[in-house]
Amino acid sequence: MTFSPRLLTFCLLSCSLLFLEFRIVEAQTLSLRFLCDDNEILTMFSGSGGEQDWVGLYRESLLTNLPLIPETNVMEEWYFICGSTDDCVNWPLRGAIRFSMDALQPGIEYRVVMANGEALPTLATSEVFRLEDGCGQLGPPVAPPGPP
């Protein structure tokens, strides 16, 4: 039995496609929403790499060498991406973590960082924010207007 070259090419391509694995990869992102009535920061993340990913709240002044970050003992607060400081059963690709604003100081700049385990280059960082009038404000402080 003989096969035409066109049929052989089709078969080879079709058979090869059966062994390909497709995976959708999300970009790593962090976004913040300030829940002023609850005194919390809702940190939404997506594109988590999986096991051992965590989200931590840092003073901006300690993040002098981004994307590298300091050791975990200088964080204000942190959670694994499942919302626990223990181990996780499930490691979601996207979700939300709530940080308390109770211990944060007005006028100090902060940033939320997502990283993986002991590998300390960041996966994602939020915008810089600060507490002002009892709630979070994104961006650096606005300088008061100068004299006319």
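Tutor: Gladly! This is a predicted model, and along the sequence its pattern reads α-β-β-β-β-β-β-β-β-β. That comes to 1 helix and 9 strands.

Student: How confident is the predictor, and where is pLDDT under 50?

Tutor: The mean pLDDT of the protein is 80, with 72% of its residues at 70 or more. Over residues 7–13, pLDDT stays under 50, and the model has 1 contact there beyond four places in sequence. Residues 15–25 also stay under 50, with 0 contacts of that kind. Where pLDDT is low, the predicted coordinates should not be read in detail.

Student: What makes C36 and C135 a disulfide?

Tutor: The test is a pair of cysteine sulfur atoms within 2.5 Å. In the model, the sulfur atoms of C36 and C135 are 1.6 Å apart, so the pair meets the cut-off and is called a disulfide. The pair links distant parts of the chain: C36 lies in the loop between β1 and β2, while C135 is in strand β9 (residues 135–138), 99 residues apart.

Student: What joins C82 to C88?

Tutor: A disulfide, with an S to S distance of 1.9 Å. That distance is within 2.5 Å, so the name applies here too. C82 has a relative accessible area of 32% and is therefore partly exposed, whereas C88, with 9%, is buried. The structure holds 2 disulfides, and with the bonded cysteines numbered in sequence order, the pairing is 1-4, 2-3.

Student: Which hand does each link have?

Tutor: The link of C36 and C135 is left-handed, with -60° about the S-S bond. The link of C82 and C88 is left-handed as well, with -75°.

Student: What makes up the largest nonpolar core?

Tutor: This core has 29 residues, and those with the most contacts inside it are I41, V55, L104, V112 and F129. The elements that give two or more residues to this core are β1 (29–35), β2 (40–46), β3 (53–59), β5 (94–100), β6 (109–116) and β8 (129–132). Strand β6 gives the most, with 5 residues. In soluble globular proteins, nonpolar side chains tend to be buried together.

Student: How much of the protein is buried?

Tutor: Buried residues make up 32% of the 148 residues. The accessible surface comes to about 9800 Å², and 57% of that surface belongs to carbon and sulfur atoms.

Student: Where is the cis peptide bond?

Tutor: The cis bond runs from L66 to P67, with omega near 15°. P67 is in the loop between β3 and β4 (77–80).

Conventions
Residues are numbered from 1 along each chain as its sequence is written. Side-chain values use heavy atoms; hydrogens and water are left out. Helices (H or I, at least four residues) and strands (E, at least two) are DSSP runs, numbered from the N terminus. Buried means under 20% relative accessible area, exposed over 50%, partly exposed in between (1.4 Å probe, protein chains only). Accessible areas come from the Shrake-Rupley method with a 1.4 Å probe; for residues, only the protein chains shown count as cover. pLDDT is the predictor's confidence in each residue, from 0 to 100. Contact means heavy atoms within 4.5 Å. A nonpolar core is a set of buried Ala, Val, Leu, Ile, Met, Phe, Trp, Tyr and Cys residues joined through side-chain atoms within 4.5 Å.
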